[in-house]
Amino acid sequence: MRYLGIDYGTKKIGLALSDENGSMGFPHSILPNTPRLVGDLLALAAKEGVGAIVIGDSKDYHGRDNAVAVGARALGEVLSERAGLPVFYEWEGLTSAEARRAPEKMQKSRAPSAHPDIDSSAAALILTSYLSKEKHA
């Protein structure tokens, strides 16, 4: 089963897709957070044969939802209702920081043409984290 990973932001939404076996997430694209977002996500999910959605769960360091979490949960509810797909949440702590470090690692490995977008890379990290936990559950 293919999964769609979402790194929700108030301005941009990072997207990742898993491989067909649902074992690893890969950066896909970025969408602006506009009124068209839900329709665009539904179209992508249908086109790619997505069977489930994983959204980054944003919390503060005390474990409480922050402002981004409220929007992410609202998006998850709408997607679940309209797409009829299960929506799961995976803690996204420090995924953007890790995604920012990834280009540095690539440059050190002499791959200067590889500059993944931070938001889609963070979505891939969120998705891969979820898939890894599910695989070992």
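**The aromatic cluster and its surroundings**

Mentor: Happy to. Tyr3, Phe88 and Tyr130 form one aromatic cluster. Rings of Phe, Tyr and Trp (its six-membered ring) pair if their centres lie within 6.5 Å; planes under 30 degrees apart count as stacked, over 60 as edge-to-face and the rest as tilted.

Trainee: Before we go on, what kind of model is it, and what gets counted?

Mentor: It is a predicted model: local features need pLDDT of at least 70, side-chain atom pairs count only at pLDDT 80 or more, and totals for chains, interfaces and linings use all residues. Residues are numbered from 1 along each chain as its sequence is written, and side-chain values use heavy atoms, with hydrogens and water left out.

Trainee: Good. How many aromatic pairs does a search of the whole structure find?

Mentor: The search gives 2 aromatic pairs. In one, the ring centres of Tyr3 and Tyr130 are 6.2 Å apart and the planes stand at 55°, so this pair is tilted. Tyr3 sits in strand 1 and Tyr130 in helix 4, 127 residues apart. Helices (H or I, at least four residues) and strands (E, at least two) are DSSP runs, numbered from the N terminus.

Trainee: And Phe88 with Tyr130, what are the numbers there?

Mentor: That pair is stacked, 5.2 Å centre to centre with 25° between the planes. Phe88 lies in strand 5 and Tyr130 in helix 4, so the pair ties together parts that are 42 residues apart in sequence.

Trainee: Is Tyr130 buried or exposed?

Mentor: Buried, at a relative accessible area of 6%. Tyr3 is buried too, at 12%, while Phe88 is partly exposed at 31%. Buried means under 20% relative accessible area, exposed over 50%, and partly exposed in between (1.4 Å probe, protein chains only).

Trainee: Switching to the sheet: what is the strand order?

Mentor: The 5 strands run 3-2-1-4-5 in an open sheet with mixed pairing. Strand 3 (25-32) and strand 5 are at the edges with a single partner strand each, so one side of each has no neighbour in the sheet. Two strands pair if DSSP finds at least two bridges between them.

Trainee: How does strand 1 pair with strand 4?

Mentor: In the parallel sense, over 5 bridges, with Gly5 opposite Val54 in strand 4. With strand 2, strand 1 pairs in the antiparallel sense over 4 bridges, and those two form a hairpin with 4 residues between them.

Trainee: How many residues of strand 1 are buried?

Mentor: 6 of its 6. Both faces are covered, with Arg2, Leu4 and Ile6 on one side and Tyr3, Gly5 and Asp7 on the other.

Trainee: Back to helix 4, then. What does it lie across?

Mentor: Helix 4 lies across strand 1, strand 2, strand 3, strand 4 and strand 5, at about 45° to strand 2. Axes are lines fitted to C-alpha atoms, for helices over the stretch in contact (heavy atoms within 4.5 Å). Angles run from 0 to 180 degrees between N-to-C directions.

Trainee: Last one: where is Glu92 found?

Mentor: Glu92 is in the loop between strand 5 (87-91) and helix 3 (95-108). Its side chain makes a polar contact with the side chain of Ser58 at 3.4 Å. A polar contact is a pair of N or O atoms within 3.5 Å; within protein, one must be able to donate a hydrogen and the other to accept it, and residues adjacent in sequence count only if both atoms are side-chain atoms.
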